[in-house]
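This report describes a protein model through its charged pairs, its nonpolar cores and a few individual residues. Please consult the sequence and structure shown below while reading.

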Amino acid sequence: MTTTRQLDEVKKRIFESQIADSCRQFKPFIMGYLLVMLFTYICYVIIYSFDSTWFNLWIFFALGLGGIGLAVSKKYFERIKDHSYRRLDHLLQGFCFTFGLTMGAGYCLINHQMNLESNTLDLIHRISLTTLVIHVVLILAITCLTSRLRNFFLVFIPSTLPLVLTQALMLKDEGFIFFNGLSFALFIIMLCAVASHHTRMRVMNLMIKNDQLMNKTDDQRRWTEELCKQLQEEMDRSKEIEQQLHIHNQLLEQKVKERTFDIERMNARLERSHQNLELAHETAGIGSWDWDITNRFVETTNFSNSVFEYKDSKSHHYTLLQAIHPDDLANFKHAMKMHLRGFSDRYESIYRIKNKQHGWVWVQDLGRVIQRDPVTKKPQRMVGIRRNINEEKKAEERLKLSASVFEQAAEGIFILDEKLTYVDVNPCYEKVTGLTKAQIVGHHIFDITNNKNLSKHNHHVLILNQLMKQGEFDGEVVEKFISGVEVPLWMHINSIRDSHNRITHFIGIISDLTERKNHEKRLSYLQTYDALTDLPNRNFYNSQLHLYITDTVKSIEKFATIRINIDRFRYLNDTLNNNGGDELLKQVARRLRVTNSDALLIARLNGDDFAVIYELLHGRDINEYCQHMMAAFQEPFLINQQEFIITLSIGVALYPEHGRQMDSLNNHAEQALMEAKKLGGNTVQLFQAENRLSSSTRLSLESDLRKAIMNDELVVYYQPKLQASTEKVIGFEALVRWHHPKQGLIPPAQFIPLAEETSLISDIGRIVIQQSARQLRIWKDLGFEDISISVNIVAQQIQRGRLLDEIDQAIAENGIESKNLELEITESSLMDDNDTVQQVLQALKDRNIMVSLDDFGTGYSSLAYLGQYPIDIIKMDRSFISKIGMQNQEAIVSAIIAMGKAMGMKIVAEGVETIEQSNFLKSQGCDILQGYLFAKPLHPAESTKYLQDKAIEQSA
């Protein structure tokens with residue numbers, strides 16, 4: 001019966017949901033219907049110049065019918081609850097049938113009248129146009145009317161019946177395929193309507209069942225809350241009955257002693273007490289037992305409602321002995337024996353008992369001998385109760401555990417009352433403050449600190465106000481206690497409230513931050529200084545060099561960037577072993593300090609690579625200065641009781657003659673250093689801006705470069721690019737390296753300009769694209785499908801016209817997706833042949849290849865380029881990143897990021913080398929980070945391992 005009612009209710013709700021959904025969709029259907037009528041009018045009257053009175057009357061009637069439908073929809077269908085669902089259903093059916101008749105009549109009218117009055121269109125074209133209109137209306141009907149399938153068919157049948165009859169009556173050989181196509185389309189529309197109706201019915205059923213489940217869940221929740229409330233009341237009553245039980249037991253004992261002369265009266269009272277006791281036991285879940293010692297029979301009461309499931313039996317006592325935990329059995333027997341022999345006033349024992357469902361359960365067993373032999377005093381009868389105290393034992397253990405945690409915690413813990421006075425502290429808190437518990441308890445929270453300083457006193461007031469208003473505090477403080485101990489702390493205080501939401505206590509936890517502060521200081525030192533030589537490291541050197549170039553306050557008009565390398569250091573290091581090599585580096589650093597006492601900066605970049613920044617004042621000769629430095633190294637070094645003569649190779653680049661940017665100065669100084677080492681060392685080389693290489697060297701290097709291209713000596717390294725928000729690897733930048741078979745690694749700064757001058761740069765670019773595509777294929781096979789590689793291109797590659805073909809070939813040969821390839825173009829390349837660049841960049845966009853503007857802000861930066869060309873990514877030059885930490889420069893970085901974001905572009909920051917730079921860029925919303933902080937350019941195998949390690953780290 002209940003199931004039938006539920007089914008009827010579901011059917012009723014489905015019917016109402018269908019009507020409601022049809023009413024909501026009726027207005028969109030009418031709007032679409034009116035648009036179709038207007039479209040029909042435009043096609044036939046305006047486009048095909050078809051003018052017929054009957055046709056115009058039909059159009060006006062159709063539009064008028066749509067207007068009436070809108071009015072009815074506003075009056076009835078938008079206020080469904082005010083009308084009967086049956087009446088609304090009849091209205092919908094009437095309108096649907098009228099719309100269907102109107103479309104069918106229009107079909108007949110148009111084809112008949114056009115046949116009589118117009119010869120502009122043949123039969124098939126007329127039927128195509130009218131059928132198109134009918135199909136559009138039917139699609140609207142599928143979308144809006146399939147909640148009630150009969151509504152759809154009331155439109156479908158009248159509107160398509162003339163079309164079907166026309167196909168049957170006017171079927172011709174040349175129109176066979178056309179008419180059958182129309183019939184098939186109508187059949188598909190009908191199937192779609194049925195499928196749409198079934199889908200909506202399933203959705204309605206699911207929604208109704210979901211509502212029923214939610215209602216049922218609410219009922220279950222209310223029922224559960226009511227049961228919990230009843231259970232709490234039962235527990236309260238159990239406590240009261242337990243107290244009454246104790247009182248009754250005492251009264252019973254007293255009455256036994258005082259009223260022994262009146263047996264009948266005693267028996268009556270005992271009977272009443274027995275009944276009350278049974279009720280109390282039953283309510284409180286306590287089992288009672290009555291042991292007839294003489295007959296060795298135990299009678300139990302209310303044991304079925306407790307955890308003890310033992311029936312009345314002569315073997316009850318034996319069964320109980322078997323169920324008691326072996327560790328508790330001796331105490332049980334001793335307590336029972338002592339009471340039976342009269343050595344104790346009553347029997348009491350606590351032990352664990354075996355239960356089938358709950359395992360070992362703690363119980364309290366109480367009893368007393370109530371009858372003894374008058375002569376022998378041997379016990380004859382004993383009564384008692386057995387109570388489940390398992391939860392009490394667990395609570396006791398939890399209290400002991402909490403007390404142990406409080407005492408042994410590695411953090412300082414203190415408890416305050418509602419007036420913020422110390423109530424208790426743990427040993428760790430005593431250790432941190434240097435005070436004993438007796439010196440702390442009873443004092444106000446900050447009375448044990450030295451807060452004579454006004455700012456410290458104001459800080460304490462702020463903390464107290466926050467505690468009183470919000471009930472909690474969490475923050476870092478530096479406190480000096482009256483014991484003399486001063487320590488940085490992280491303090492967390494929370495309030496504890498009672499059932500009336502009133503604060504009763506505060507509990508606080510403090511952590512000693514001394515060790516962390518020392519680590520932070522050490523880390524800060526290691527980030528800027530070399531641990532071996534105590535000289536500034538590469539990060540500090542680069543930041544200072546950048547500061548000297550950009551800071552107008554320093555007013556350094558001319559200075560030299562000097563790169564120093566120890567000749568034959570690898571040989572010396574192998575000879576001296578690692579400890580001796582480290583000692584040599586320390587002594588070299590000390591001698592550089594003494595020799596260059598007037599230098600702006602002395603730094604150790606890495607290994608045996610040192611750098612000096614020297615200001616050129618009053619016409620100082622840099623060559624003479626470097627010769628003086630080399631002369632100072634003629635004095636031998638004493639290492640491991642041996643003397644060693646050390647020579648230096650020195651390369652020099654001057655500011656501003658050899659560059660006005662940090663990277664160019666460093667590169668030029670390094671090139672000069674390499675020239676000095678090629679000359680055999682122990683020499684000074686000044687960077688030659690006009691002719692960096694001799695003619696013979698250039699010819700030899702050009703020949704070797706051509707061979708390198710043919711012999712695959714060029715290797716592409718990959719530097720990771722990380723998503724700023726998650727530090728997940730999302731791509732790499734491809735950087736070409738040349739491993740010369742004789743000269744070793746040749747810097748890109750030396751062979752890339754040569755390649756650009758000799759037109760070899762296009763071949764190098766093609767190699768980089770091909771190797772990058774193969775690497776993408778390798779990563780894709782390993783499961784890394786969303787990794788991209790950015791490749792640098794120059795204007796020459798674009799102008800030669802083969803760039804797009806090379807990209808298409810690399811993508812096709814390796815089976816990769818074009819979205820994984822990104823091309824970086826410099827701002828200077830955008831100035832050459834704007835039309836060609838525009839066409840190539842647009843072709844790249846059409847291939848779904850991302851375009852990045854490299855070194856933004858260093859060359860010919862113009863905001864016009866950002867709007868003129870299809871650029872997706874702005875890559876900020878490392879010179880901006882190295883300035884982070886200076887307020888004005890940070891404002892420039894923030895402005896670039898904000899501008900790029902406003903234009904819908906992603907922002908990449910290259911040259912990120914410190915945590916501070918990373919954190920600032922993240923806070924400003926930079927999208928992608930790249931630099932030595934995360935990884936240097938990696939060999940292909942190393943880059944794959946780096947990618948896999950990062951994936952494992954992200955998934956952990």
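Asp-290 and Arg-381 form a salt bridge, their closest N and O atoms lying 2.4 Å apart; a salt bridge here is a side-chain nitrogen of Lys or Arg within 4 Å of a carboxyl oxygen of Asp or Glu. Because Asp-290 lies in strand β1 (residues 287-292) and Arg-381 in strand β5 (residues 379-388), the pair ties together parts that are 91 residues apart in sequence. Asp-290 counts as buried at 17% relative accessibility, whereas Arg-381 is partly exposed, with a relative accessible area of 32%. Buried means under 20% relative accessible area, exposed over 50%, and partly exposed in between, with a 1.4 Å probe and protein chains only. Helices (H or I, at least four residues) and strands (E, at least two) are DSSP runs, numbered from the N terminus.

The structure is a predicted model, in which local features need pLDDT of at least 70 and side-chain atom pairs count only at pLDDT 80 or more, while totals for chains, interfaces and linings use all residues. Residues are numbered from 1 along each chain as its sequence is written, and side-chain values use heavy atoms, with hydrogens and water left out.

**Overall composition**

The protein has 29 helices and 26 strands. Of its 956 residues, 44% are buried. The protein exposes about 51,600 Å², of which carbon and sulfur atoms supply 53%; accessible areas come from the Shrake-Rupley method with a 1.4 Å probe, and for residues only the protein chains shown count as cover. Among contacts between residues at least 6 apart in sequence, 62% join residues at least 24 apart, contact meaning heavy atoms within 4.5 Å.

**Salt bridges**

Side chains of opposite charge can pair when their charged atoms come close. The salt bridge count for this model comes to 28.

| Pair | N to O distance |
|---|---|
| Asp-290 and Arg-381 | 2.4 Å |
| Glu-822 and Lys-721 | 3.5 Å |
| Asp-949 and Lys-945 | 2.9 Å |

The side chains of Glu-822 and Lys-721 meet in a salt bridge. This pair links distant parts of the chain, with Glu-822 in strand β22 (residues 821-826) and Lys-721 in strand β18 (residues 714-723), 101 residues apart. Both Glu-822 and Lys-721 are buried. Asp-949 and Lys-945, by contrast, both lie in helix α29 (residues 940-955), 4 residues apart, about one turn of the helix. Asp-949 counts as partly exposed at 36% relative accessibility. A network of salt bridges links Glu-733, Glu-824, Lys-875 and Glu-910.

**Nonpolar cores**

In soluble globular proteins, nonpolar side chains tend to be buried together. A nonpolar core is a set of buried Ala, Val, Leu, Ile, Met, Phe, Trp, Tyr and Cys residues joined through side-chain atoms within 4.5 Å. The largest nonpolar core holds 75 residues, of which Ile-764, Trp-779, Ile-807, Leu-844, Met-876 and Leu-921 touch the most other members. Helix α21 (residues 761-781) gives the most to this core, with 8 residues. Outside the four places on either side in sequence, the contacts of Met-876 include Phe-856, Ile-881, Val-893, Glu-910 and Leu-921. A second, separate core of 45 residues includes Val-72, Tyr-76, Ile-142 and Phe-152.

**Individual residues**

Ser-788 is found in strand β21 (residues 788-793) and is buried, with a relative accessible area of 15%. Not counting residues up to four places away in sequence, Ser-788 touches Ile-730, Gly-731, Phe-732, Leu-776, Asn-820 and Glu-822.

Thr-102 lies in helix α3 (residues 85-117) and is buried, with a relative accessible area of 4%. The side chain of Thr-102 reaches the backbone oxygen of Thr-98 at 2.7 Å. Beyond four places away in sequence, Thr-102 touches Tyr-33, Trp-58, Phe-61, Ala-62 and Leu-65.

Met-468, in helix α13 (residues 454-470), is partly exposed, with a relative accessible area of 49%. Met-468 and Glu-418 are 50 residues apart in sequence and 9.4 Å apart in space, C-alpha to C-alpha. Not counting residues up to four places away in sequence, Met-468 touches Glu-418 and Leu-420.

Definitions and conventions
A polar contact is a pair of N or O atoms within 3.5 Å; within protein, one must be able to donate a hydrogen and the other to accept it, and residues adjacent in sequence count only if both atoms are side-chain atoms.
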